[in-house]
Amino acid sequence: MHAGYPVMLHLESVQEMTDVQSIRDKGLWGPIHELGHNQQRSGWEFPPHTTEATCNLWSVYVNETVLHIPRERAHAELAPELRKERIENYVWNGKLEDFKEFTALEPYLQLQEAFGWEPFMHIFAEYQEMTQIPEDNDSKMNLWAEKFSQQVKKNLAPFFEAWKWPIMDELSQKLFRSFPKWTENPMKQYMSS
């Protein structure tokens, strides 16, 4: 499949998109993944890291909220044991260059599991109105960390730093002064290791 307008696919994929019972049983990951590419915006995308990751936010959302298929059933890579293994491998052995695909999707999933979909909806709407968005990945990653922290009113700098995002000291201090610590941070178990 290929993102575009319209989405392009091979004929063998038509069955996946038209068999209602199959969609209800297995979900609809591939086509929604491609439509998710059409929703990505350069302001909150960090290529090459998130190109094949954030498009999957729509796959997770549609499978869970519309089709009522849990993420771990919607895609085998989201099985809890694989997620844990990916996090550990990245935190202990990875570098930012390794932050891609399902590894890069993981922090977004962790934020969604903690705060729901609402912050994403508000942030995506805010980005639609923004005019002064930096172009380099480091600045864009810092802006995303700041916007998400503002949205949930928690200091998320340690969370993003655990994911090896290049959080600037200035932003880290600003978030530390502005918001309480995120005590439920799922990455704190890896930060002390």
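These legends describe close-up views of a predicted model.

**View 1. Helices α9 and α11 pack side by side, with their axes within 11 Å.**
Two packed helices are described by the angle between their axes and the distance between the axes. Helix α9 covers residues 137-152 and helix α11 covers residues 169-178. Their axes cross at roughly 5°. Angles under 35 degrees count as roughly parallel, and α9 and α11 are therefore roughly parallel to each other. On the α9 side, the contact is made by Asn-142, Ala-145, Glu-146 and Ser-149. On the α11 side, Leu-171, Lys-174 and Leu-175 take part. The residues of this contact of α9 with α11 comprise three nonpolar, two polar and two charged.

**View 2. Tyr-61 and Trp-117 form one of the 26 aromatic pairs in the structure.**
A pair of aromatic rings is described by the distance of the centres and the angle of the planes. The ring centres of Tyr-61 and Trp-117 are 5.2 Å apart and the planes stand at 90°, so the pair is edge-to-face. The two residues come from distant parts of the chain, 56 residues apart. Tyr-61 belongs to helix α4 (residues 56-66), while Trp-117 sits in the loop between α7 (101-115) and α8 (118-129). Tyr-61 has a relative accessible area of 29% and is partly exposed. Trp-117 is buried, at 14%.

**View 3. Phe-120 and Phe-124 form a tilted aromatic pair.**
The ring centres of Phe-120 and Phe-124 lie 6.2 Å from each other, and there are 45° between the planes. Both residues are in helix α8, four residues apart, which is about one turn of the helix. Phe-120 is buried, with a relative accessible area of 2%. Phe-124 also counts as buried, with a relative accessibility of 17%.

**View 4. Lys-164 lies over the face of Tyr-90.**
The distance of Lys-164 from the ring centre of Tyr-90 is 5.1 Å.

**View 5. Pro-166 is in the loop between α10 (157-162) and α11.**
With a relative accessibility of 24%, Pro-166 counts as partly exposed. Not counting residues up to four places away in sequence, Pro-166 touches Leu-96, Asp-138, Met-141 and Asn-142. Of these, Asn-142 also takes part in the meeting of α9 with α11. The C-alpha atom of Pro-166 is separated by 14 Å from that of Pro-107, a residue 59 positions apart from Pro-166 along the chain.

**View 6. Arg-86 is a buried residue of helix α6 (residues 80-93).**
The relative accessible area of Arg-86 is 14%. A residue counts as buried under 20%. Leaving aside neighbours within four places in sequence, Arg-86 contacts Glu-77, Leu-78, Phe-102 and Thr-103.

**View 7. The peptide bond from Pro-47 to Pro-48 is cis.**
Omega of this bond between Pro-47 and Pro-48 is near 5°. Pro-48 lies in the loop between α3 (29-39) and α4.

**View 8. His-68 and Lys-153 each have a positive phi value.**
Phi is near 60° in His-68 and near 55° in Lys-153. Each is a residue other than glycine. His-68 is in the loop between α4 and α5 (71-74), and Lys-153 is in the loop between α9 and α10. His-68 is exposed, with a relative accessible area of 63%. Lys-153 counts as exposed as well, at 54% relative accessibility.

Notes: Residues are numbered from 1 along each chain as its sequence is written. This is a predicted model: local features need pLDDT of at least 70, side-chain atom pairs count only at pLDDT 80 or more; totals for chains, interfaces and linings use all residues. Side-chain values use heavy atoms; hydrogens and water are left out. Axes are lines fitted to C-alpha atoms, for helices over the stretch in contact, and angles run from 0 to 180 degrees between N-to-C directions. Angles under 35 degrees count as roughly parallel, over 145 as roughly antiparallel, 65 to 115 as roughly perpendicular and the rest as oblique. Contact means heavy atoms within 4.5 Å. Ala, Val, Leu, Ile, Met, Phe, Trp, Tyr, Cys and Pro count as nonpolar, Asp, Glu, Lys and Arg as charged, and the others, Gly among them, as polar. Rings of Phe, Tyr and Trp (its six-membered ring) pair if their centres lie within 6.5 Å; planes under 30 degrees apart count as stacked, over 60 as edge-to-face and the rest as tilted. Buried means under 20% relative accessible area, exposed over 50%, partly exposed in between (1.4 Å probe, protein chains only). A charge sits over a ring if NZ of Lys or CZ of Arg is within 6 Å of the ring centre and within 35 degrees of the ring normal.
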